Amino acid sequence: MADLRSEFLGISSPNPFWLASAPPTDKAYNVNRAFEAGWGGVVWKTLGEDPSVVNVSGPRYSALYSNERRVIGLNNIELITDRPLQTNLDEIRQIKKDWPDRAVVASVMLPMNEASWAKYLPIIEDTGIDGFELNFGCPHGMSERGMGAAVGQVPEYIQMATEWAKKAASVPVIVKLTPNVATAVPPAKAALDGGADAVSLINTINSIMRVNYDTLTMYPTTDGMGTHGGYCGEAVKPIALNMVAEIARNAETRLIPISGIGGISDWRDAVDFLALGASNVQVCTAAMVYGFKIIDDLVDGLSTFLDSKQLSLDQLVGKAVPSVTDWQYLNLNYIEKAVIDQDSCIKCGRCHVVCEDTSHQAITHTVNGERHFEVMNDECVGCNLCVSVCPVDNCISMERLTAGNDPRTGAAISGEVLNWTEHSNNPMRKTD
Amino acid sequence: MTANNQIKSGRLSKAEVEENFSDLHPPLTRSEALIEADRCYFCYDAPCMTACPTGIDIPGFIQGIRSDNLRGSAHTILRENIMGGMCARVCPTEILCEEACVRNTHEEKPVEIGLLQRHATDPIFKSGEQLFERAASSGKKIAIVGGGPAGLSCAHRLAVLGHDVVVFNRDDKLGGLNEYGIAAYKAIDDFAQTEVDYILSIGGIEVRNNSALGSEVELAELVEAYDAVFLGVGLANSNALGIDGEDLNGVENAIEYIAELRQTNDMSTLPVGRNVVVIGGGMTAIDVAVQSKRLGAEQVNMVYRRGPEKMSASVFEQALAQTSGVNIHHWASPVRIVGDDHVTGIEFKLEGSDEAMHLNADVVFKAIGQKLHGGGLDALASESGRFVVDADQKTSVQGIWAGGDCVVGGDDLTVSAVQHGKIAAISIDQYLRNS
């Protein structure tokens, strides 16, 4: 089995899977259960000033379901910890003592004044925590009070608060970023400039789940009124992966370590984050949907995968980053066509109808009077829609054309790379 | 059936009989339906639709279930097949829509279309909510002979299209084989009458029960008095075996016993034989065999003259008979029924050999098919005892349409009869509007 021991900013954990700062890490009771189940570390639910915030005593969550009622997205309006600071500190101290091999990081959210940071961080650090995570991400509730995402959306604030935190802390400082921005690079750069040791992302996304079809009010509500929440779970993973990759491939931010967060449910999701530049990962929603036991598959699956690829954990980190680029650098001379494997085709016709209705009219429906689905290379643009909608795994694949002419355009297939920056249709093209 | 010391009621308690005749396929719960609905791939030009004789938009109605739009889902079903409720219960889906499901290729387990169809339609039959609106009155009046699936389907569609209809029905109740022929465990809780009531609730359909063609009413009169006539008379007479002993007591037509069973409130009071022999290989044979077993017959032997692949009962139905404890014998033809006053046994010749087989019997059910009842229908062209019709269900006589089991090409399925009635109604409508 591959060695999954992880060192993130010098913080050791037996595996790279931490529970993200969220309800699962609100109390010693939960954290004990998580460590018993095998989680590598926790980021304790965000601590704030005393007196604590107050949470609603009505619905805090709502879900986006697939039809078989599997949760694919979760929305929450819970605030930071609503327990007295001292209670949390006592529990953290005990947990760290009981579980010395696990990572325990404290998430903090404080007002935008240096005094607060100078006052609270040393008290918290005294519990024996391995690091801080600065919550500049929560998009609901706390942001109305000038904290959370309200900080994370302004790079200058990120830098300022990070500097205060670094001054007050001696353990590593991770800055947790919000996805509610146009691009994650300036916030990451600001964290770096403020002295952050790492960034973690993403926090949750502004969201309203749906309306109540009986009352025609938003759903859910607290006494008839609702507010936007933070969206997470499987459905947000692609958004998170893009932001992680943006930071990992940007010249100004690529050296900052990343803790990847956003919809990680099984080991493959972890591979996505790690290969796109994260050094470890944090999980919340999957645990809130299935319980802590999912750690078994995360650990076993990742370990088996690394063995099969003969990679170490470190070697996996960032492996896919060089394959991420801007659109303008994609090779416009590269041509693929879809190929339908007739032996595995079940003749549902979905490829045909989506191509016919919404794309390029490149898949047959009937051939010689028989129901038969086949790609017409003279129409296929290689868009991959049929592959995406086919219900049968590996039934439709994409194959590269390497010689002759593209039957669609008639143009000769060139082995030379030609991207938009050099293309003759581009009035801004580079010329010698 | 005449009772003797071998044929008696009360072989099982009322509770046992009720248990044996409970719903063969219990309805899906909402959760089960949502999970099953999600298995539908929403195929393009879906093979299940093509396989459905009434052409129901199956992916369409399943999408309605998925999106919690059961009313729309029911409308999608019932606008093509007004007996979509009964068909959901009695269709041999394993040789129709579910056989065509692409999931069979993928994983050898089709989407449970029949059960989903029932899930979508049950609420409408429970509430009675009217999903259809009648077109403006055409002032035309059509006579429909036969109150079974073909006749009622035709009547409903004609009523929707704005015509008035009179249904001449042979029996006490409407429904035809849905009421008198379908196995009891396939249509519990008097569903046939619930469906009839729903069909009639559209309005414009007058019903005359106990009005058989050839006795209470004559075809010539109908042709004279109405703008069009539809015949959905079914096949009323059972075929005879034509062998010695057929007139002994205890030799019965299966459809008559089933009709009696369907009209009995407490089935534990029905006389049941100890040794029952059923002759035939179709759905009626299966139905009478299984029901006899479930009423408490000790031995039920079903005998068919050819092999299992030739049986018109589906593989599912054959398996149902076997798991219900019915012995099925193939390749044996009845030669002679034995007994003095009452049947005691029946002798068979085994096909392809000189050997004979004897089975003890105190009841012999004949289930070798039915034929047309006379009733002054000689004017219509027929083949093998069934009316010849064109693609619009027109008979050889102008102004007379026919459908269901009584026409050539009728395949003894409720769903096909419904389709015939629907096509005929559309054709009659065009005919009347153009004349």
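In this predicted model, A:Asn384 has 12 C-beta neighbours inside 10 Å and therefore counts as exposed, since the cut-off for that class is 12 or fewer. The residue sits in the loop that links β19 (370-371) to α13 (385-389) of chain A. Its backbone also deserves a look: A:Asn384 is not a glycine, yet its phi is positive, at about 80 degrees. Most residues other than glycine have a negative phi.

With 13 C-beta neighbours inside 10 Å, B:Asp190 counts as partly exposed.

Peptide bonds come next. Most peptide bonds are trans. In chain A, however, the bond leading from A:Asp50 to A:Pro51 is cis, with omega near -10 degrees, and A:Pro51 belongs to the loop between β4 (41-47) and β5. The bond from A:Leu201 to A:Ile202 is cis as well, with omega near 10 degrees; here A:Ile202 falls in the loop between β10 (198-201) and β11 of chain A.

Both β5 and β11 can be followed into a sheet. Chain A has an open sheet of four strands, paired antiparallel in the order β5-β6-β14-β11. The edges are taken by β5 (61-65) and β11 (205-207), each with a single partner strand, so one side of each is left without a neighbour in the sheet. From one strand to the next, the twist averages 35 degrees. Within this sheet of chain A, β6 (residues 71-76) and β14 (residues 229-232) run antiparallel and are joined by three bridges. Across this pairing, A:Asn75 stands opposite A:Tyr231 in β14(A).

Helix packing in chain A can be traced through α5 (residues 155-168) and α6 (residues 185-193), whose axes lie 8 Å apart at an angle of about 25 degrees. The two helices are therefore roughly parallel to each other, as angles under 35 degrees count as such. The crossing of α5(A) past α6(A) is right-handed. Among the residues that meet, α5(A) supplies A:Pro155, A:Ile158 and A:Thr162, while α6(A) supplies residues including A:Pro186, A:Lys189 and A:Ala190. By class, this contact comprises six nonpolar, two polar and three charged residues.

Finally, the two chains touch: 12 residues of chain A are in contact with 12 residues of chain B. On the chain A side, five of these residues are nonpolar, four polar and three charged.

Methods
Residues are numbered from 1 along each chain as its sequence is written. Chains are lettered from A and ligands numbered from 1 in the order in which they are written. This is a predicted model: local features need pLDDT of at least 70, side-chain atom pairs count only at pLDDT 80 or more; totals for chains, interfaces and linings use all residues. Axes are lines fitted to C-alpha atoms, for helices over the stretch in contact, and angles run from 0 to 180 degrees between N-to-C directions. Angles under 35 degrees count as roughly parallel, over 145 as roughly antiparallel, 65 to 115 as roughly perpendicular and the rest as oblique. A crossing is left-handed if the near helix is turned anticlockwise from the far one by less than a right angle, and right-handed if clockwise. Two residues are in contact if their C-beta atoms, placed from the backbone, lie within 7 Å. Ala, Val, Leu, Ile, Met, Phe, Trp, Tyr, Cys and Pro count as nonpolar, Asp, Glu, Lys and Arg as charged, and the others, Gly among them, as polar. Two strands pair if DSSP finds at least two bridges between them. A residue is buried if 20 or more other C-beta atoms lie within 10 Å of its own, exposed if 12 or fewer, and partly exposed in between; C-beta atoms are placed from the backbone.
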